[in-house]
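Student: Hey, can we go through this model together? I'd like to know what I'm looking at.

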Amino acid sequence: MDYQFKDIEKKWQQFWADNNTFKAENNSNKPKYYVLDMFPYPSGAGLHVGHPLGYIASDIFSRYKRLKGFNVLHPMGYDSFGLPAEQYAIQTGQHPSVTTEANIATYRRQLDQIGFSFDWSREVRTSSPGYYKWTQWIFMQLFNSWYNKDADKAESIDNLIAHFEKNGSAGINAVCDEEILTFSADEWSAFTEYQQQAELLKYRLTYLRESTVNWCPALGTVLANDEVKDGFSERGGYPVEQKKMMQWSMRITAYAERLLQGLDTIDWPEPLKEMQRNWIGKSVGASVKFSITPTLSFGEDLGGANYIEVFTTRVDTIFGVTFLVIAPEHELVQALTTPEQQAEIEAYITQTKKKSELDRMADTKTVSGAFTGSYVTNPLNGEQIPVWIADYVLAGYGTGAVMAVPSGDQRDYLFAKHFNLPIVPIIDIQNIETEADPTKDGKYINSGFINGMAYKEATAAVITKLEELGAGKAKVNFRMRDAIFGRQRYWGEPVPVYFKDGLPYLIDEKELPLVLPEIDKYLPTESGEPPLGRATDWKHPEGEYELSTMPGWAGSSWYWYRYMDAQNNREFAGKEAIEYWKAVDLYIGGSEHATGHLLYSRFWNKFLKDMNLVVEEEPFKKLINQGMIQGRSNFIHKINYQVVQKTSNPDGINTKLGGDDIVIVYLSYDLEKQFLNDKIRVKKLEDDLNLKYKEDLDGRGLQISLVNATVTAWHVDVNIVNNDILDIAKFLENFPKSKDYNTEFIMEDNKFTCSSEVEKMSKSKFNVVNPDDLIERYGADTLRMYEMFLGPLEQSKPWNTNGIEGVFKFLRKFWRLFHDADWNFNVSDAEPTKAELKSLHKIIRKVEEDIERFSFNTSVSSFMIAVNELTDLKCDKRAVLQDMVIILSPYAPHICEELWVLLGNTAGTLSYAPYPKFNPDYLVEDEFSYPVSINGKMKTNVNLSLSLDTKEIEEMILTNADVQKYLDGKTPKKVIVVKGRIVNLVV
RNA sequence: GCUCAGAUGGUGGAACUGGUAGACACGCAGGACUUAAAAUCCUGUUCCCGUUAAAGGAGUGCGGGUUCGAUUCCCGCUCUGAGUACCA
């Protein structure tokens, strides 16, 4: 029979499901291998076309690893809490769980028909109570923990309480809020319950704090920094504003250093690691205190502080400081402002506030600021330094204050120039005539005791001096902020917390899961509380439950552990399962999760490790980014002509644009250039059109004019365009507009071509290609191989189905190797020939090498070469073909299962068949065709035995008649012979 | 601005540690089969010049360099994509 992909694929998908072919055991003599895909959010649009790319790659790898004798865990699930389902619920009143369920069904159907080897018995859904019970449980562990900097790990809050009871706050080195109390053991005991809990909250790894959040009024929720792009929400593109709110936060900053260090231990793409490094943003420097010049005559209260603390990465430039700049929001601004400067400062602050965050970011060129009137003292030379405020200093970074060194920092330089502040050079080789020079080379000048020193020495000396004076110390600063962990939304995990006297308490573990309550509407309450405020009975016996829910990243920050032991209802995953699978060996997914999911997951993993709940410090040993799939749009070109009034009126010729109601004229793209410049052809077309539509035109006294005609490109559905050639019949069928109007297609040779462009894939651009359609037309095996054939996995590429025919032809050709001319299955048991074995072993080695380096596109090409060779050799030997079936099976599993059984093997054994062993003996050659180049230019080939040594080769080449011809009697100056590779003659 | 990635025929792309640039596939052109079309098969296909096959020459974004030899290594630049953005 001919290759019937539909029957074959359905049959084997059913077989795999019925026989649990890909069920992984949590125990095996085989080595383990864990292949993870980023699980999808089940959106209403169905599986996004970008998804299969990574899934196919990971599936090929999983199937390959099984053949290689590994116990492979390859699970799939759904990140099923999220905004779109809730938006839909708001519009339709339908419960998000209903939509989610329906969408999951679609996803499952789509995934199944691609033939993935997932172990579905381990499926997870973040929105099912059986799953989010453990998300809530992990939240509780975080609540019950603090970060001990001395031990450099998280510890139980009970340890901290014990310490407080015994020693008070002394000797605690914790990552905590800035304002903590200092107290003795006795004082602690004397604290009320409320005071104790309030104090402990400042240490917990998840805590409540008033923070400035990205509030999105349109979505009615708070967004994480990585969900905001240029002041707009990433999802939906609604404006985002800054708002102060009581919020749950996660003390991810406690792990900043470990998150940074850990990057060096994992095999991830360098750009991705770089993104995380930038996000963490470690800078090594020093903090310096500039004491405020005493006796503030205007008598403001400084609140105990008599200094401004700055953070700098160039403490060596401290002698070049000529002013201090603090953020307009800095807490000392009011205190520092002198009465004379009051008006100016106030005006500046008002002006800054008016500017939105967006403007402030966009407008980096204009210099602005205001003088407070106060001065501080440089701790190293006692100089009086004016204090300014300016919005280029950010309140949220460092201490919100900088020491300005205009000679070395360009922004400070511009500021100094603008406000006429002094610029002092501090390094002998510095050139500061037109701009700042941040050099670290040269020797210091104008710099007190470090004059004459070099950078390293000077930095150390300054820090030592500052420490002596108590005016500063070495300090490391991170850009990363604690992660906000709350959404004012319904469709998320409820936070397992209730409030008593305004302080949060955990619910009892026995009460988990705290199930999402039913509500009447999915909108905030009239008083502006989150949707959970609508639930009746949303109360704990001791107090009110938390009304916000967890953010999207909560459920995805630990899901790979749930796969290890998905049915466990006593633990998030059993110890044995965790100790067996340990960590993910290969993770494939998009780089868009670089600073979200992938960072939060590493954070939770490190925390779980500190709690001795998991065994690995890093969750994803190797990670590969699949490239983004862009859209490839097609355009149909329409001629915009004019319709002219036949009889001119007194004002001359009356013209109007367009004539769609008479006839729409489309121009084949390949004709466009020559056509519009060809006056004769244009005139001919004009006459033709006027003749053809004469009746209609005459009736209205009109005439078509192609003078000054232009062409406009319109998006056309890529699904009715094949290799840029439009299917006109389908076009007329699909577009109502074309049906109701007369339509002309200007073309040659019956081919109407469209132009194309790469842009974002979207419905509005008619460039969405649904994998379902391709499977219908070519089958899953073709789709799988074609997606790999497109190019390197990591590279972004437009979704273009131009070459899919070639892959389909390849599979048919492969099928034909096993069949005779009448499509009868027919293989021979004869011994394979040398040439057949050579082809086979070439591909065995090549595919193995390619898969190991994730170069799937090159192995598809190699398969084609192998099948071409075997076809030419008319190979029908079982010994060769059976091995071919095994090595091709990870790529095209359905056709291979079918052939495997036709070859007489037991159904279902292919997935665990041993991978053929490569034997180099079959590839040994005894001759090589040496390319001979002269001065590096390839001229000719000479066949020589590989047993010859260099000297003999040289002789043979020089005496070769062909080579002599090229040498033209000259003797080469130099002869380079690389055995088995090349010969190069220098003349 | 900074950081990272990339640039090879008409198109997607190949070329492992410097060693025959353009594998494989699409498209295109020509041919076979067919009443015809589709499907299938065969041949050709980097460009220029030339042609009976030839023989030349140029060529991996641009300009230099190292080397017997560079798509590959080094320096400078241009463009494209991604991330990030007054980070002190």
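Tutor: Let's start with the ground rules and then walk through some of its parts. This is a predicted model, where local features need pLDDT of at least 70 and side-chain atom pairs count only at pLDDT 80 or more, while totals for chains, interfaces and linings use all residues. Residues are numbered from 1 along each chain as its sequence is written, and chains are lettered from A and ligands numbered from 1 in the order in which they are written.

Student: Which helix gives the largest share of it?

Tutor: Helix α29, residues 856–872, with 6 residues. Helices (H or I, at least four residues) and strands (E, at least two) are DSSP runs, numbered from the N terminus.

Student: New topic: which domains does chain A have?

Tutor: The assignment, which is automatic or from a database, gives domain 1 (5–138 + 575–625), domain 2 (145–192), domain 3 (282–478), domain 4 (629–765), domain 5 (771–922) and domain 6 (925–986). The centres of domain 1 and domain 4, taken over C-alpha atoms, are 49 Å apart.

Student: What does UniProt's domain annotation cover?

Tutor: An unreviewed UniProt entry puts "domain: Aminoacyl-tRNA synthetase class Ia" on residues 11–144 and 752–786. Such annotations may be inferred rather than shown by experiment. Residues 752–786 are 43% helix and 14% strand, with their end C-alpha atoms 26 Å apart.

Student: OK, helices. At what angle do α25 and α26 cross?

Tutor: Helix α25 (residues 771–778) and helix α26 (residues 780–789) cross at roughly 120 degrees, and their axes come within 7 Å. Axes are lines fitted to C-alpha atoms, for helices over the stretch in contact, and angles run from 0 to 180 degrees between N-to-C directions. So α25 is oblique to α26; under 35 degrees is roughly parallel, over 145 roughly antiparallel, 65 to 115 roughly perpendicular and the rest oblique.

Student: Which residues of α25 and α26 meet?

Tutor: Pro771, Leu774, Ile775 and Tyr778 of α25 meet Ala780, Thr782 and Leu783 of α26. Contact means C-beta atoms, placed from the backbone, within 7 Å. That contact has 6 nonpolar residues, 1 polar and no charged ones.

Student: How about α2 and α26, how do they cross?

Tutor: The axes of α2 (residues 50–67) and α26 come within 10 Å and cross at roughly 100 degrees, so these two are roughly perpendicular. Pro52, Leu53, Ile56 and Ala57 of α2 touch Arg784, Glu787 and Met788 of α26.

Student: Last one: which peptide bond is cis?

Tutor: The one from Leu512 to Pro513, with omega near -5 degrees. Pro513 sits in the loop between β20 (503–506) and β21 (539–540).

Conventions: Contact = placed C-beta atoms within 7 Å. Nonpolar A, V, L, I, M, F, W, Y, C, P; charged D, E, K, R; others polar.
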